[in-house]
Amino acid sequence: MGLFGTFTYSDGAWATPDARREPYLVIDVHDSDIATVDYRPAGDADGRCHLGFQPRVYFEDPTASAPVDNDAEARGLARWALLATGQEVDPRDVAALLAPDDEDDEPEDLFVEETVRRLLELTGVPVPEELTGEASPLEE
């Protein structure tokens, strides 16, 4: 069984979901295959994107998630990082981590936790302890 968990970053630290204040980042990991990323403020973006697989692709159901404009979300997350952590991020680097919207494209990382770690490191957010282990989530 893969990892399931929700991680909320607000006020410079990982917090409980009810304690979040803008700017915040919420990452919901689903079975090590999908991570839904919600962030505020989102600027011109919707403030929601995915790592690993988009749910609509993974579940082969277009109603499982709304379509995502990865370019807009990459710009939004880059702006969010500058505001929340002071880290300057190239939106192209963020876009490279986002879940593709084509069912023929596979994510680069086997486990979405790896992609989550790379996004957090890129944006200057500390990686929560639950995501720092070297063991595969299937071995836990």
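Pro23 sits in the loop that connects β2 (13-15) to β3 (24-30). A cis peptide bond joins Glu22 to Pro23, with omega about -5°. The model is predicted: local features need pLDDT of at least 70, side-chain atom pairs count only at pLDDT 80 or more, and totals for chains, interfaces and linings use all residues. Residues are numbered from 1 along each chain as its sequence is written, and side-chain values use heavy atoms, with hydrogens and water left out.

**Loops and backbone**

- Pro41 belongs to the loop between β4 (34-40) and β5 (48-52).
- Asp11 has a positive phi of about 55°, although it is not a glycine.
- Asp11 is placed in the loop between β1 (5-10) and β2.
- Glu60 also has a positive phi, about 50°, and is not a glycine.
- Glu60 lies in the loop between α1 (55-58) and α2 (70-85).
- Glu60 is exposed, with a relative accessible area of 72%. Exposed means over 50% relative accessible area, buried under 20%, and partly exposed in between (1.4 Å probe, protein chains only).

**Fold and overall shape**

- The protein chain has four helices and five strands. Helices (H or I, at least four residues) and strands (E, at least two) are DSSP runs, numbered from the N terminus.
- From the N terminus on, the order of elements is β-β-β-β-β-α-α-α-α.
- The radius of gyration of the protein chain is 14 Å, close to the 14 Å that the globule rule gives for 140 residues, so the chain is as compact as a globular protein of that length. The radius is taken over C-alpha atoms, and the rule is 2.2 Å times the number of residues to the power 0.38.
- Along the principal axes, the C-alpha atoms of the protein chain fill a box of roughly 35 × 35 × 25 Å.
- Of the contacts in the protein chain with a separation of 6 or more, 52% are between residues 24 or more positions apart. A contact means heavy atoms within 4.5 Å.

**Surface and charge**

- Of the 140 residues in the protein chain, 44% count as buried.
- The accessible surface of the protein chain comes to about 7,700 Å². Carbon and sulfur atoms account for 45% of that surface. Accessible areas come from the Shrake-Rupley method with a 1.4 Å probe; for residues, only the protein chains shown count as cover.
- The protein chain carries 10 positive and 33 negative charges. Lys and Arg count as positive, Asp and Glu as negative; His and the chain ends are not counted.
- The mean positions of the positive and negative charges are 8 Å apart. Each charge is placed at NZ of Lys, CZ of Arg, CG of Asp or CD of Glu.

**Aromatic rings**

- The structure holds five aromatic pairs. Rings of Phe, Tyr and Trp (its six-membered ring) pair if their centres lie within 6.5 Å; planes under 30 degrees apart count as stacked, over 60 as edge-to-face and the rest as tilted.
- One of the pairs is Phe7 with Trp14, edge-to-face, at 6.4 Å centre to centre and 80° between the planes.
- Tyr9 and Trp14 form another edge-to-face pair, with 5.3 Å between centres and 65° between the planes.
- Phe7 is buried, at 9% relative accessible area. Tyr9 is buried as well, at 5%.
- Trp14 is partly exposed, at 26%.
- Ring pairs link Phe7, Tyr9, Trp14 and Trp80 into a cluster.

**Two loop alanines**

- Ala45 lies in the loop between β4 and β5.
- Ala45 is buried, with a relative accessible area of 11%.
- Not counting residues up to four places away in sequence, Ala45 touches Tyr39, Ala72, Glu73, Gly76 and Arg79.
- Ala45 and Leu77 are 32 residues apart along the chain, and 8.6 Å separates their C-alpha atoms.
- Ala64 lies in the loop between α1 and α2.
- Ala64 is partly exposed, with a relative accessible area of 34%.
- Ala64 touches Pro55, Arg56 and Phe59, again leaving out residues up to four places away in sequence.
- Ala64 and Gln54 are ten residues apart in sequence, and their C-alpha atoms are 8.7 Å apart in space.
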